[in-house]
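Hi,

Here is the model I said I would pass on. Have a look at it first, then read my notes below.

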Amino acid sequence: MARRGLLIILSSPSGAGKSTLARRLMAWDPGLRFSVSATTRPPRAGEKDGREYYFVDEAAFKAMVRDGAMLEHAQVFGNYYGSPSGPVETAISAGRDVLFDIDWQGGQQIRNSALGKHTLAIFILPPSIRELERRLRERDQDSDEIIAERMQKSWDEISHWDGYDYVLVNDNLDETEERLKTIITAERLRRSQQPDLLDHVRALQDEFEERS
Ligand code: ADP
Ligand code: 5GP
């Protein structure tokens with residue numbers, strides 16, 4: 001039976017593990033589409049244009065916003081980030097789910113958009129602030145200055161935890177991954193995500209009445 005695509009939003013303070021979890025979800029279900037954001041932040045070592053992000057300059061970013069090509073956008077840690085709407089619309093209309101690794105501002109904008117009723121928003125909390133810092137350092141991709149800035153802003157992101165449908169504490173990575181898969185599997189079965197159910201029930205009714 002046909003299914004409507006879900007917009008799956010993952011948010012967390014930087015370092016809590018959402019990119020790692022997003023990668024695991026993409027490996028679990030090749031039908032999932034990852035929304036590749038555009039950003040003005042410079043690429044980290046190992047990041048590839050068009051894979052983790054589209055790395056653009058400020059003028060190109062602002063032109064996309066002006067042209068209405070962004071589903072949502074926000075300024076995070078002094079850089080612009082936004083989700084291009086074209087690929088999302090294509091995926092959703094083909095019944096595919098789209099995974100977003102975005103901050104609370106973006107999550108809120110998508111929830112308030114026309115696609116809001118098809119969103120599933122999940123917030124990832126770290127087990128402790130000390131562990132959050134340890135993970136940011138372990139990732140070893142940002143300077144001390146950037147890590148300090150991210151730690152400082154972490155509370156701002158955490159304070160929006162209660163705007164999400166589900167909240168997971170990412171202590172054990174495998175366990176969090178399993179919980180995410182369970183949530184997604186269940187949400188896909190919501191009545192609102194199954195537009196063909198009505199026809200199916202009507203067919204059951206016809207069959208039922210033919211027997212009597
Ligand atoms: P985010 O995308 O939220 O900024 P990352 O996914 O980059 O965070 O994770 C930050 C670091 O923490 C990475 O080095 C990752 O391997 C590690 N990490 C993620 N989840 C866990 C976990 N449950 N236990 C230990 N380390 C983790
Ligand atoms: P990073 O620079 O670590 O890749 O991402 C920094 C923060 O920006 C993370 O919280 C990430 O989820 C968020 N982010 C990434 N892409 C987008 C986007 O397209 N829109 C919004 N609103 N936030 C984003």
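In these notes a residue is near a molecule or strand if one of its heavy atoms lies within 4 Å of it. On that basis there are 17 residues around ligand 1, and Gly15, Ser19, Thr20, Arg139 and Asp171 come nearest.

Before I go further, some housekeeping. This is a predicted model, so to speak of a local feature I need pLDDT of at least 70, and side-chain atom pairs count only at pLDDT 80 or more, while totals for chains, interfaces and linings use all residues. Residues are numbered from 1 along each chain as its sequence is written, chains are lettered from A and ligands numbered from 1 in the order in which they are written, and side-chain values use heavy atoms, with hydrogens and water left out.

Back to ligand 1. By class its shell has three nonpolar, eight polar and six charged residues (nonpolar being Ala, Val, Leu, Ile, Met, Phe, Trp, Tyr, Cys and Pro; charged being Asp, Glu, Lys and Arg; polar being the others, Gly among them). Helix H1 (18–28) and helix H5 (129–139) each supply at least two residues of that shell, and H5 has the largest share, with four. Helices here are DSSP runs of H or I with at least four residues, strands are runs of E with at least two, and both are numbered from the N terminus.

- a polar backbone atom of Lys18, 2.9 Å from a ligand oxygen;
- a polar side-chain atom of Glu138, 3.1 Å from a ligand oxygen;
- a polar side-chain atom of Asn170, 2.9 Å from a ligand nitrogen.

Taken alone, ligand 1 exposes 570 Å², and the protein buries 82% of that (areas by the Shrake-Rupley method with a 1.4 Å probe; for residues, only the protein chains shown count as cover).

Ligand 2 also has 17 residues around it, with Ser37, Arg41, Tyr53, Tyr81 and Arg150 coming nearest. They divide into six nonpolar, four polar and seven charged. Strand S5 (70–76) and S6 each give at least two residues to this shell. A polar side-chain atom of Arg44 sits 2.8 Å from an oxygen of ligand 2, and a polar backbone atom of Ile102 is 3.4 Å from an oxygen of the ligand. On its own ligand 2 has 510 Å² of accessible area, and the protein covers 96% of it.

Now the rings. There are four aromatic pairs (Phe, Tyr or Trp rings, the six-membered one for Trp, with centres within 6.5 Å; planes under 30 degrees apart are stacked, over 60 edge-to-face, the rest tilted). Phe61 and Tyr80 are stacked, at 5.4 Å centre to centre and 25° between the planes. That pair links helix H2 (residues 58–66), which holds Phe61, with strand S6 (residues 79–84), which holds Tyr80, 19 residues apart. Ring pairs also join Tyr53, Phe55 and Tyr81 into a cluster.

As for the whole chain, the secondary structure comes to eight helices and nine strands. The C-alpha atoms fill a box of roughly 75 × 40 × 30 Å along the principal axes.

Best wishes

Notes
A polar contact is a pair of N or O atoms within 3.5 Å; within protein, one must be able to donate a hydrogen and the other to accept it, and residues adjacent in sequence count only if both atoms are side-chain atoms.
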